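Visitor: I have a few minutes for this one. Can you bring it up and walk me through it?
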Amino acid sequence: MTPVYEFLIAAFLVISGVFGFVGSYGLIKLDNPMSRLHAPTKATTLGVGGVLIASILHSLMSEGHLSLHELLITLFLFLTAPITANFIAKVHIHRHETPGSLPVVGEDQDWATLATEPTAKAE
Amino acid sequence: MNLVRRLFPHPVLTVLLTLVWLLLVNRFSLNSLLFGFLLGIIIPFITSPFWPDRPTLRNPAMMIEYTLVVLYDIVVANIVVARLILFKSNADLQPAWVCIPLDLRTPEAITVLAATITLTPGTVSADTSDHGHSLLVHCLDAPDPDAIRDEIKDRYERRLMEIFE
């Protein structure tokens, strides 16, 4: 393995470490629940992505075979992370928001989480 | 034709599941290809009652462009949000709710848009309106909420319209 690749792998690991750290720091520093939700989205995208790219490069360069396992981790994270965030946001809306504190809905009547009674489906 | 439709309710999902299985095995062989394909037939067939519609995917070139745009935006937005967290005090941040009126009507397309908004740091999609005609988005720092709405509509929704509708 040439030193160039070692530097490249190390660089990706450091980048992901930095973003993972900033994400965790943001979780402590930000002061309201909805803002806090933004911090972990960084850890799951660039934070994990950097480690995965480093892992692909490492298996390609030092073990000499292409390993694409890592792409699956990205795929599953990209599928599950938005759903988790959406659940937390919905709980926040249920507990702390009223129709008056959210922006105007536009052409519909209510935000779905706050709609108390089912309305007829308009096409 | 009807029988083919019932046996393969989601052809794209069949291909995708086969690929996922090959990636899980992490070594290409005819055995795993066949078994992956078998899973790709059985799983969409069993789960088709949960997903009765079949979304139409047009314009594959635009799908690649969309993926690249989103990946680029994820990197850029990560840096922007990291700077906000590290160098801006909580009092200076202006978090805001933004309402995004949707032109998209396909449920799958709206799901992709909402997931994209959440994955790009700085914005989280929180809710849809009761008939699915607008999307509620929370922004970490939005001095100008209208600019964020226009950017999402122009960068993501316009491309998704070309892919799905």
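Guide: What follows is a quick tour of the chain contact, some helices and a few single residues.

Guide: One caution to start: this is a predicted model.

Visitor: Which residues make the contact?

Guide: From H4(A), A:Phe78, A:Ala81, A:Pro82 and A:Ala85. From H5(B), B:Ala114, B:Ala115, B:Thr118 and B:Leu119.

Visitor: How do the residues of that contact divide by class?

Guide: Seven are nonpolar, one is polar and none is charged.

Visitor: How far is A:Thr80 from A:Asp108?

Guide: Their C-alpha atoms are separated by 28 Å, and the two are 28 residues apart along the chain.

Visitor: Next, A:Ser62. Where does it sit?

Guide: A:Ser62 is in the loop between H3 and H4 of chain A. A:Ser62 is exposed, with 11 other C-beta atoms within 10 Å.

Visitor: And what separates A:Ser62 from A:Val91?

Guide: 46 Å between C-alpha atoms, and 29 residues along the chain.

Visitor: Switch to chain B. How many residues does H2 have there?

Guide: H2(B), residues 11–25, has 15 residues. From first C-alpha to last, H2(B) reaches 22 Å, close to the 21 Å expected at 1.5 Å a residue.

Visitor: Which residues of H2(B) are buried?

Guide: B:Thr14, B:Leu17 and B:Thr18.

Visitor: Why say the buried residues of H2(B) line one face?

Guide: Look down the axis: they fall within an arc of 100°, so they line one face of H2(B). An α-helix has 3.6 residues a turn, so residues three or four places apart point the same way.

Visitor: What do the buried residues of H2(B) pack against?

Guide: H3 (30–47) of chain B.

Visitor: What follows H2(B)?

Guide: B:Asn26, with a positive phi near 65°.

Visitor: On to H3(B). What span should its 18 residues give?

Guide: 26 Å at 1.5 Å a residue. The end C-alpha atoms of H3(B) are 26 Å apart, which agrees.

Visitor: Which residues of H3(B) are buried?

Guide: B:Gly36, B:Gly40 and B:Pro44. Those three cover an arc of only 50° around the axis, which puts them on the same side of H3(B). What covers them includes H2 of chain B.

Visitor: And which exposed residues are on the face turned away?

Guide: B:Leu30, B:Asn31, B:Leu34, B:Ile42 and B:Ile46.

Visitor: Last topic, B:Met62. Which helix is it in?

Guide: H4 of chain B, residues 60–87. B:Met62 counts as partly exposed, with 18 C-beta neighbours inside 10 Å.

Visitor: What is B:Met62 in contact with, leaving aside neighbours within four places in sequence?

Guide: B:Arg159, B:Glu162 and B:Ile163. As for B:Leu13, its C-alpha and that of B:Met62 are separated by 19 Å, and they are 49 residues apart along the chain.

Visitor: What about B:Met63: where is it found?

Guide: B:Met63 is in H4 of chain B. B:Met63 is partly exposed, with 16 other C-beta atoms within 10 Å.

Visitor: How far is B:Met63 from B:Glu162?

Guide: 9.1 Å between C-alpha atoms, with 99 residues along the chain between the two positions.

Key: Residues numbered from 1 in each chain as written. Chains lettered and ligands numbered in written order. Predicted model: local features only at pLDDT ≥ 70, side-chain atom pairs only at ≥ 80, totals over all residues. Contact = placed C-beta atoms within 7 Å. Helix = DSSP H or I, 4+ residues; strand = E, 2+ residues; numbered from the N terminus. Nonpolar A, V, L, I, M, F, W, Y, C, P; charged D, E, K, R; others polar. Expected span 1.5 Å × (residues − 1). Buried ≥ 20, exposed ≤ 12 C-beta atoms within 10 Å, placed from the backbone. Arc of directions from axis to C-beta.
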